[in-house]
Amino acid sequence: MTVAPKRPAAMTLAAHFPERTQAEWRDLAAAVVNKGRPEDQHLDADAAVASMRTHLAGGIEVEPLYTRPTDPAPLGVPGAMPFTRGRALRDADVPWDVRQVHDDPDAAATRAAVLADLENGVTSVWLHVGTDGLAAGDVAEALADVRLDLAPVVVSSWDDQTAAADALYAVLSGSRASSGNLGHDPIGAAARTGVTADLSPLADAVTRLHDHGEVRAITVDTRVHADAGATVPDEIAFALATGVAYLRHLESEGVDVVEAFRHIEFRVSASADQFLTVAALRALRRTWARIGETLGVPERSRGAFTHAVTAGRMFTRDDAWTNILRSTLATFGASVGGADAITVLPFDTVSGLSTPFSRRVARNTQILLAEESNVARVTDPAGGAWAVEALTDEVATAAWAAFQEVERSGGMASALASGLVAQRISDGRAERDAALATRTQPITGVSTFPLAGEKPLERRSRRVLEVSPEALESHRDSAVFEALRDRSTAYAERHGHAPRVAVPTLDVPRAADRRIDAVNLLTVAGIEAVDIDSPSEAVLVAANKGYEGVTPGMDVVDFLSSLLDVIGAPA
């Protein structure tokens, strides 16, 4: 006789707690928000909850509390529509591709660095080729020690994609390589350099890879948009629109849409906002799978292959060590979001070409998270969390709306040429820049808690890529603050000392705290704070229990720039 196993009892973890309603929570939240407020300034429950919402660029609102939806959508499973939860089940031993980037123009140095990476935990190689990277003719030498049947290789280039792709193809053709990517992305190159997008090489690239396993021809690289200031929904929208443009072109050249779909890989940015990164990757897979469904692509082939790269926009030149922490958060988000490959940029990437030490830190950031934190043991560990599911929905909805706007304008190439893409990026960047200037969005080590007297990192310079005025310009978040420090450095070189501003001690409550805040503010711009009796070029004037011009929510960049003007620091 067969006995059916007993079904385990449902877990009631909160069974001993009294049930609470949403209205009760709102009243309790209002009581906390109103604590310390004058009675005539108390907020009602609606206003109190509204004050706790967080606004993210791109029109996304984060609620202070998420609860089970009244009509929740099915979660789905990894490897099936809508692919929100992952392209496939994750292998706990090799959860994602640890992909290291190399852009040193010295072929011998790159060859040695590639081998060192592969011997110490990296699982695939990314060569950046062109004026600002390795010469196409040196690709073969750089890969001379690579077992191509074990380690996938991808290439990228902004100004010579065909040569880069041909160089890699020549290497792969004489091997048993089963995966990799030739890196064609003409629309991305057009955005980065300002030239007109030339899609003509795509069909030949796809066709000649017919018998090359999982080697892909195309990488939709949206870092160019993210680095220029695009919001997360817009970055995803531009990825979708670019992918669709390539599919249309390939179909017009006689390439089957299913084959074309397989050849597209997405390279996207991962920021220190870990939950937004999680939601972005999940939303990208969901929306791309929807496009595949519309085009009749078989379900098993609709999952987007995603390569997440720590966002260059968040990297700082000053106090560069903090970039390690930002990269850790971004890598965690990319992992939880289900990225198939992850690249951590070296912490010194802003200062120039990386060193063996900075590359070691970059690869070990991933390896530690994968092997010591156990974050990789579960596929889509955030799936089902009400906050993550809601954020994924919001990002996907906003991205789809932006994608439709681009499509109505004639597609991604037309939107780029007409200025629509640049305008959307400009609008998103303006909102972010305002938050940075007021330190509502702080940058640790730069706009807050700066390190006085810091010595800049010395690295070999990276070659500069010449672009036309129509190119999308990269904007690092910290650049505006670093420019203030550069003014103070130039002043010090002329006068033998940093700009000095006297900061008097106030006769008010918490005077010491207020003075510390003022000193930190001045240090942001490399200005030395001195006592009132010491020689100085300017003085902060006491006013209203604080210092004149120093107020909560102030535009720090404008204040410090004006102060440097008064001192006479060169602009």
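User: How do E6 and E7 pair, parallel or antiparallel, and over how many bridges?
Analyst: This is a predicted model, so keep that in mind. In it, E6 and strand E7 (residues 214-221) pair in the parallel sense, over 4 bridges.

User: Which residue is the bridge partner of His184 in E7?
Analyst: Ile218 is the partner of His184 there.

User: And strand E5, how does that one run relative to E6?
Analyst: Parallel as well: strand E5 (residues 153-156) is joined to E6 by 2 bridges. Val153 has Gly180 in E6 as its bridge partner.

User: What does the chain go through to get from E5 to E6, and what's the handedness?
Analyst: The chain passes through helix H5 (residues 161-173), and this β-α-β crossover is right-handed.

User: Is E6 mostly buried or exposed?
Analyst: Strand E6 (residues 179-184) has 5 of its 6 residues buried, so the strand is largely enclosed by the rest of the structure.

User: OK, switching to helices. At what angle do H7 and H9 cross?
Analyst: Roughly 75°, with the axes of helix H7 (residues 201-208) and helix H9 (residues 232-252) coming within 9 Å. The angle makes H7 roughly perpendicular to H9, because anything from 65 to 115 degrees counts that way.

User: Which residues meet there?
Analyst: From H7 you have Leu202, Ala203 and Val206, and they meet Tyr246, His249 and Leu250 of H9. By type, the residues of this contact split into 5 nonpolar and 1 polar, with no charged ones.

User: What's going on with phi at Phe83?
Analyst: Phe83 has a positive phi, near 65°, and is not a glycine. For context, most residues other than glycine have a negative phi, and most peptide bonds are trans. Phe83 is also in the loop between E2 and E3.

User: Is Phe83 buried or exposed?
Analyst: Buried, with a relative accessibility of 1%. The cut-off for that is under 20%.

User: What about Asp319, what's its phi and where does it lie?
Analyst: Phi of Asp319 is near 50°, again a positive value in a residue other than glycine. The residue lies in the loop between strand E9 (305-310) and helix H12 (322-336). Asp319 counts as buried too, at 14% relative accessibility.

User: Next, Arg223. Which helix is it in, and what does it touch?
Analyst: Arg223 lies in helix H8 (residues 223-228). Leaving out residues up to four places away in sequence, Arg223 touches Trp126, Trp158, Glu235, Arg267, Val268, Ser269 and Val309. At 16% relative accessibility, Arg223 counts as buried.

User: And how far is Arg223 from Ala270?
Analyst: Their C-alpha atoms are separated by 9.4 Å, although the two residues are 47 apart along the chain.

User: Last one: what's the strand order in the sheet with E11?
Analyst: E12-E11-E13, an open sheet of 3 strands with parallel pairing. Strand E12 (528-530) and strand E13 (538-539) are at the edges with a single partner strand each, so one side of each has no neighbour in the sheet. Strand E11 (residues 500-502) and E13 are joined by 2 bridges, and Ala502 has Val539 in E13 as its bridge partner.

Note on methods:
Residues are numbered from 1 along each chain as its sequence is written. This is a predicted model: local features need pLDDT of at least 70, side-chain atom pairs count only at pLDDT 80 or more; totals for chains, interfaces and linings use all residues. Side-chain values use heavy atoms; hydrogens and water are left out. Axes are lines fitted to C-alpha atoms, for helices over the stretch in contact, and angles run from 0 to 180 degrees between N-to-C directions. Angles under 35 degrees count as roughly parallel, over 145 as roughly antiparallel, 65 to 115 as roughly perpendicular and the rest as oblique. Contact means heavy atoms within 4.5 Å. Ala, Val, Leu, Ile, Met, Phe, Trp, Tyr, Cys and Pro count as nonpolar, Asp, Glu, Lys and Arg as charged, and the others, Gly among them, as polar. Buried means under 20% relative accessible area, exposed over 50%, partly exposed in between (1.4 Å probe, protein chains only). Two strands pair if DSSP finds at least two bridges between them. A crossover is right-handed if, with the strands pointing away from the viewer, the path from the first strand over the helix to the second runs clockwise.
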